[in-house]
Amino acid sequence: MRSVWAFAAMAALSVLTVSTTTLAGEPKQGGILRMYHRDSPGNASIHEGATYSLNVPFMPVFNNLVIYKQDEAQNRMDNIVPELAESWAWVNDNKTLAFKLRQGVKWHDGKPFTAADVKCTFDMLMGKAPQKFRQNPRKSWYDQVNDISTNGDFEVSFNLKRPQPSLLALLASGYTPVYPCHVSPGDMRTHPIGTGPFKFVEFKANESIKLTRNPDYWRKGRPYLDGIEFTIIPNRSTAILAFVAGKFDMAFPTEVSIPLLKDVKSQAPNAVCVVEPNNVATNIIVNSSAPPFDNIDIRRAMALSLDRKAFISIMFEGQGDVGGTMEPAPAGLWAMPKEMLESIPGYGPDINANREEAKKLMQKAGYGPDKHLAVKVSTRNIPVYRDPAVILIDQLKSIYIDGELDVVETANWFPKIARKDYMLGLNLTGNAVDDPDQSFYENYSCGSERNYTNYCNKEIEKLFDVQSQETDIAKRKKLVWDIDKKLQEDVARPIIFHARTGSCWQPYVKGVTVMSNSSYNGYRYEDVWMDK
Amino acid sequence: MFAYLVRRLFLMLVTLFGISVVIFFLLRIVPGNIVDILFAAAGYVDPADKANLEKELGIDRPLIVQYWHWISGFLRGDFGYSYVSEKPALQEILPRIPITARLAGLALLFSASIGIPLGVISAVRQGTRLDYALRVVSLSGLSLPSFWLGLLILTASVAMFNQMPIFNPNPATWLEAFATYAVPAAAVGFRSAALTMRITRSSMLEVLRQDYIRTARAKGASDAAVNYKHALKNAILPVITVIGIEAAFLIGGLIVTETVFNIPGVARFLVEAIRWRDYPIVQNLVMLIAVVVVSANFIVDMLYAVFDPRIRYTD
């Protein structure tokens with residue numbers, strides 16, 4: 001009998017627990033999410049920008065055709081879900097990607113969304129529309145798209161020159177919102193109109209960005225929040241102090257550095273903080289068109305001198321990853337296996353042996369203990385650039401290279417690189433999508449505008465196309481590893497490390513997912529809610 | 001006096017013209033323009049796109065044409081459009097002016113109301129412990145950079161009260177309004193107060209040694225009457241000069257204070273505009289500041305005559 005009562009009590013308790021859990025876990029409607037913003041973005045047009053200072057506040061205004069699942073940290077091809085498209089299919093020998101569009105969706109100004117909006121957005125991106133973007137940094141993403149065709153108001157097809165399975169991944173990026181045809185690119189820079197969960201209210205430069213709930217959002221019951229307010233605070237110390245004091249519900253995503261994380265956790269122990277890689281690689285750009293780095297021996301010696309783990313331990317207390325061009329595993333999907341990585345010159349674990357080999361190459365090029373090579377290491381005047389540049393200079397000393405830091409103001413950085421007015425540069429490259437097509441074509445393809453070093457290897461270029469058309473993931477991975485290895489051996493743009501960063505929010509903020517293989521794709525915020 | 005006024009006004013106009021030329025051409029000498037920065041933010045460089053944008057913004061035209069376009073617009077009150085926000089420059093600048101004006105006004109008030117009385121006390125009690133203590137305070141005020149003092153205040157308020165005196169555009173209570181302006185004003189005004197204190201002290205010490213002060217004391221005037229009526233009135237001129245100069249220098253302190261306390265005033269806005277090479281904002285804003293500073297100097301000169309009847313401006 002006692003056991004029966006005990007069972008009944010346990011059952012009652014478990015029911016109570018379950019219902020309490022359900023209550024605590026049930027999303028609540030309402031509240032304004034207050035977040036600080038690290039910087040004042042130049043404008044509000046995602047298509048014209050290349051920084052997540054722009055994606056974070058404006059991604060909630062829009063929808064894509066498709067998007068990476070917002071509640072999974074890793075972006076993968078198999079977690080792409082429909083947004084403005086209801087379904088999609090590859091047809092015509094994988095040379096056409098056809099979409100069926102969602103019906104009844106309205107732009108924030110009340111006009112209906114149709115296939116024409118999709119066509120004019122991508123025509124603008126490809127430079128084929130009468131209206132032009134002032135800047136179009138991701139034009140090369142659509143190099144394989146011949147044209148966009150529509151069939152009625154709710155069917156649209158991307159007709160390709162050749163199969164490109166990655167197109168779907170590029171379309172799922174936070175960088176690929178659909179714009180309305182009836183709003184000019186100029187107006188989209190100042191007052192964006194989307195179909196997304198939040199409507200744009202105002203953007204005061206250097207002050208704030210405000211969004212409000214879209215009551216007519218096509219996804220019923222979403223978003224949970226009444227609005228999002230970003231207060232622009234460029235001074236990181238002030239911003240973190242304000243977060244600690246409870247002025248903000250969330251810190252700007254990925255903006256809490258590893259050293260700062262300790263301060264946050266000690267001053268606000270209840271804060272929820274996660275550390276994730278963000279697919280941003282710190283790398284060296286080499287001017288191989290002029291002496292001394294036109295000499296492959298010197299470039300290889302430099303790559304051999306790198307002690308990548310030292311960078312990571314000095315700058316991030318060990319929380320960083322060593323890899324090639326593609327983001328390292330487990331967050332990255334395309335990273336080559338460890339043994340393969342370590343077979344690349346400079347990646348071997350014996351740093352002293354690497355440097356001895358580097359010294360021999362330097363001596364072969366005419367340098368040695370009595371004749372050092374003087375180089376300028378140029379970088380932007382921002383701590384995340386300057387700090388590794390200083391460590392790099394220190395490491396180069398070990399192979400007879402005397403580096404001098406050349407700090408360049410942001411305004412002059414790209415013009416200087418484009419003029420080839422540098423020897424070595426310390427650079428950061430953020431990859432919008434963890435996909436080889438984005439990384440290879442954008443950063444290493446002959447003639448690409450973001451291929452700052454003008455690295456051009458026709459053989460590798462052919463391999464870019466081979467991997468791009470491959471539909472078998474396992475086969476494609478092997479091709480990608482080979483290409484990545486060759487890029488490192490060519491010292492095209494030596495990768496030093498892949499960083500990890502922290503994101504923090506107050507414990508009552510729920511439904512936040514920080515993407516682990518992109519800094520650009522996880523800011524729709526329609527599933528975020530506040531338990532207070 | 002009238003002729004002097006006319007001459008001063010004419011010189012003011014010449015000065016402002018000179019400033020306009022210097023601002024305009026210095027901005028063009030600084031490497032990089034808005035187009036470079038916009039493309040830096042977009043992470044790529046396309047020469048054709050750059051050329052189109054330069055043409056769209058009019059920065060491909062000859063400098064003299066650009067200068068005339070700007071200065072004639074300024075004189076007509078047409079400030080053009082911000083290159084960054086694409087909104088009218090005046091619409092961007094105007095709402096920020098009262099914020100900085102309030103902050104600067106409070107900082108100057110803080111400077112005068114703290115600096116002058118403590119300077120007088122320090123001089124009157126020369127050589128006492130109080131004098132030494134006040135001198136330490138003034139020295140620390142001159143030594144502490146306002147951004148550091150600001151951060152110290154923020155850190156202390158979070159650590160001790162878990163409160164953050166960050167800018168609140170719509171303060172609900174008097175306390176919030178006070179925290180919005182008074183704390184940053186104190187941070188930036190501390191240096192001016194310290195300077196005012198030192199100048200007041202040394203000026204007072206000089207005056208207190210004068211014969212007429214001794215005479216006043218001999219005639220039985222009270223200490224308060226001697227110090228504040230006879231001495232301070234004569235010692236105040238250099239203090240007014242310093243406060244006038246400080247008003248001009250304050251903009252430098254306000255830039256960092258507005259950044260640390262995240263106040264959306266014109267000082268921080270100016271720095272951001274310089275960073276973006278947003279010429280219409282920078283040129284017009286610096287010209288407005290120049291007009292204020294030149295006018296302030298003029299007013300200070302006129303105040304001399306009010307405070308010291310012996311000063312009369314003639315041709």
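A residue is called buried when its relative accessible area is under 20%, exposed when over 50%, and partly exposed in between. The close-ups below come from a predicted model.

**View 1. The disulfide between Cys273(A) and Cys504(A).** The sulfur atoms of Cys273(A) and Cys504(A) are 2.1 Å apart. The torsion about their S-S bond is about 110 degrees, so this disulfide is right-handed. Cys273(A) belongs to strand S11 (residues 272-286) of chain A and Cys504(A) to strand S16 (residues 495-505) of chain A, so that distant parts of the chain, 231 residues apart, are linked. With a relative accessible area of 22%, Cys273(A) is partly exposed, because the range for that term starts where buried, under 20%, ends. Cys504(A), at 0% relative accessibility, is buried.

**View 2. The disulfide between Cys120(A) and Cys181(A).** A disulfide is a covalent bond between the sulfur atoms of two cysteines. Here the S to S distance is 2.2 Å. The torsion about the bond between Cys120(A) and Cys181(A) is about -140 degrees, which makes the disulfide left-handed. Cys120(A) sits in helix H3 (residues 115-125) of chain A, while Cys181(A) sits in the loop between helix H4 (167-171) and helix H5 (185-190) of chain A, so the bond ties together parts 61 residues apart in sequence. Cys120(A) is buried at 18% relative accessibility, whereas Cys181(A) is partly exposed at 29%.

**View 3. The disulfide between Cys446(A) and Cys456(A).** The S to S distance in this pair is 2.0 Å. Its S-S torsion is about 95 degrees, so the disulfide is right-handed. Both cysteines lie in the loop between helix H14 (436-444) and helix H15 (458-469) of chain A, so the tied parts are 10 residues apart in sequence. Cys446(A) is partly exposed, with a relative accessible area of 22%, and Cys456(A) is partly exposed at 43%. Over all chains the structure holds 3 disulfides. With the bonded cysteines of chain A numbered in sequence order, the pairing is 1-2, 3-6, 4-5.

**View 4. The second largest pocket.** This pocket holds about 1100 Å³ of space. Among its 36 lining residues, Lys247(A), Ile166(B), Phe167(B), Asn168(B) and Pro169(B) are the closest to the centre. Two or more lining residues come from each of strands S8 (198-204), S9 (208-213) and S10 (227-232) of chain A, and from each of helices H6 (97-124), H8 (146-161) and H9 (174-208) of chain B. H9(B) gives the most, 7 residues. By class, the lining has 17 nonpolar, 9 polar and 10 charged residues.

Note on methods
Residues numbered from 1 in each chain as written. Chains lettered and ligands numbered in written order. Predicted model: local features only at pLDDT ≥ 70, side-chain atom pairs only at ≥ 80, totals over all residues. Heavy atoms only, no water. 1 Å grid on protein atoms, 1.4 Å probe; cavity = no way out; pocket = protein on both sides within 12 Å on 5 of 7 lines; lining within 4 Å. Points joined across faces, edges and corners; volume = space filled by probe spheres on them. Helix = DSSP H or I, 4+ residues; strand = E, 2+ residues; numbered from the N terminus. Nonpolar A, V, L, I, M, F, W, Y, C, P; charged D, E, K, R; others polar. Disulfide = S-S within 2.5 Å. Buried < 20%, exposed > 50% of the residue type's maximum accessible area, 1.4 Å probe, protein only.
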